[in-house]
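Please examine the sequence and the three-dimensional structure shown below. The paragraphs after it are intended as a guide through selected parts of the fold.

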Amino acid sequence: MAGAAAKTTGKSEPLGPHGAAELPSVVLTGYNLEVRDEDGFVGDKASRSAFVAHLDALRRNLRKAGEDPLEGKSADIGKKQLEALLADGDPHEAGLVLSAIEGFAQSLAFVVRRFAKLKSWASVERIVVGGGFREGRVGELAIGRAGVILQTEGHKLELKLIRNHPDEAGLLGSAHLAPKWIFEGFDSLVAVDIGGSNIRVGIVELRQDKASDLSKARVAHTELWRHADDNPSREETIKRLGKMLQKQIKLGEKEGFRIAPFIGVGCPGLISADGSIDRGAQNLPGNWESSRFNLVESIRAMQPEIGGHETHVVMHNDAVIQGLSEMPFMQDVSDWAVLTIGTGLGNATYHNRAAPKGKGKA
């Protein structure tokens, strides 16, 4: 237990394994599942692009009838514009957006039904939904409508919105990757969230004095890089990530945080025990699935120490980590799941180690 807090005297064994099923507070019963039907991957029916497809199909039909109230490509219509049409558009415009929401909600309900048939989902009582699509009112309404559809069909699964902003949830969940002893003497940690469009690095303030279950943890500060705009190579991406890590650590230390020698990393794909990525990282810059590339080793090489202590790095799937941010609020059920709606559909299922404390508000 002294390994994290003791002064470095040599190379220590890293925490791990990465992508582990056995985590401090939960057992991960499945993640990154790829369910197929005759149309391809089922999860593709509940992605951001699936919503755009629903909207586009409606607009095509309206154009055939002689009137499309919107201009430009459906993919270029942002969340704020859609929300403005819902709130202030004329009935025809608002009706179009509502129709797209309904179509997507039906697709999401279909996807949940398919996942619910899987063995690892058989005992799931509650699903928390995050990802970029959840951020705005359009996403919230679509998710809420899907929940109503499922309930009226007799399904007992609850669909709940992830509490924190999805961008912050992807960092906060890293606090649940490590055993509590590693945070003894520290009040914060470094978290990395890698996505197909963005990389985010931040300092997570644990605030264990306010809540030992980490339910009061918060993101103290963060830096975002939208790498999709720059089209970098893998090597350029890793180099930029190293600079972001150094910047956040220096800023945190300047602000007086006692930062643990621990970096939690969320990354798309199926994560192998040694920190390599088996598959699912195709949207990242370059080849991250190469047998000659190991992200964990790269991060340790760029940031070998934090505060004079040897750095430990633990990596897991990004949807798993986003879901873990909800762990303190899932103690009234035994089994729960997360869906993250973005470029694709991330998924994970969890079994709590502790017995339920009695069902309350989610």
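This is a predicted model: local features need pLDDT of at least 70, side-chain atom pairs count only at pLDDT 80 or more; totals for chains, interfaces and linings use all residues.

Residues are numbered from 1 along each chain as its sequence is written, and side-chain values use heavy atoms, with hydrogens and water left out.

Two packed helices are described by the angle between their axes and the distance between the axes. For helix α2 (residues 79-88) and helix α3 (residues 91-116), the axes come within 7 Å and cross at roughly 120°. Helices here are DSSP runs (H or I, at least four residues) and strands likewise (E, at least two), numbered from the N terminus. α2 and α3 are therefore oblique to each other; angles under 35 degrees count as roughly parallel, over 145 as roughly antiparallel, 65 to 115 as roughly perpendicular and the rest as oblique. On the side of α2, the contact (heavy atoms within 4.5 Å) is made by L82, L85 and L86, and on the side of α3 by E93, A94, V97, L98 and I101. By class, this contact has 7 nonpolar, no polar and 1 charged residues, where Ala, Val, Leu, Ile, Met, Phe, Trp, Tyr, Cys and Pro count as nonpolar, Asp, Glu, Lys and Arg as charged, and the others, Gly among them, as polar.

Helix α4 (residues 137-152) also packs against these two helices: its buried residues pack against α1 (48-65), α2, α3, β4 (126-130), β5 (158-161) and β15 (335-341). The buried residues of α4 are V138, G139, A142, I143, A146, G147, I149 and L150; buried means under 20% relative accessible area, exposed over 50%, and partly exposed in between (1.4 Å probe, protein chains only). Just after α4, G154 takes a positive phi of about 100°.

R207 has one of about 50°, and lies in the loop between β7 (199-205) and β8 (218-225). N231 likewise has a positive phi of about 50°, in the loop between β8 and α6 (234-254). R207 is buried, with a relative accessible area of 18%, whereas N231 counts as exposed at 68%.

Strand β7 contains E205, which is buried with a relative accessible area of 17%. Leaving aside neighbours within four places in sequence, E205 is in contact with D187, S188, A217, R218, A220 and F257.

Conventions:
Axes are lines fitted to C-alpha atoms, for helices over the stretch in contact, and angles run from 0 to 180 degrees between N-to-C directions.
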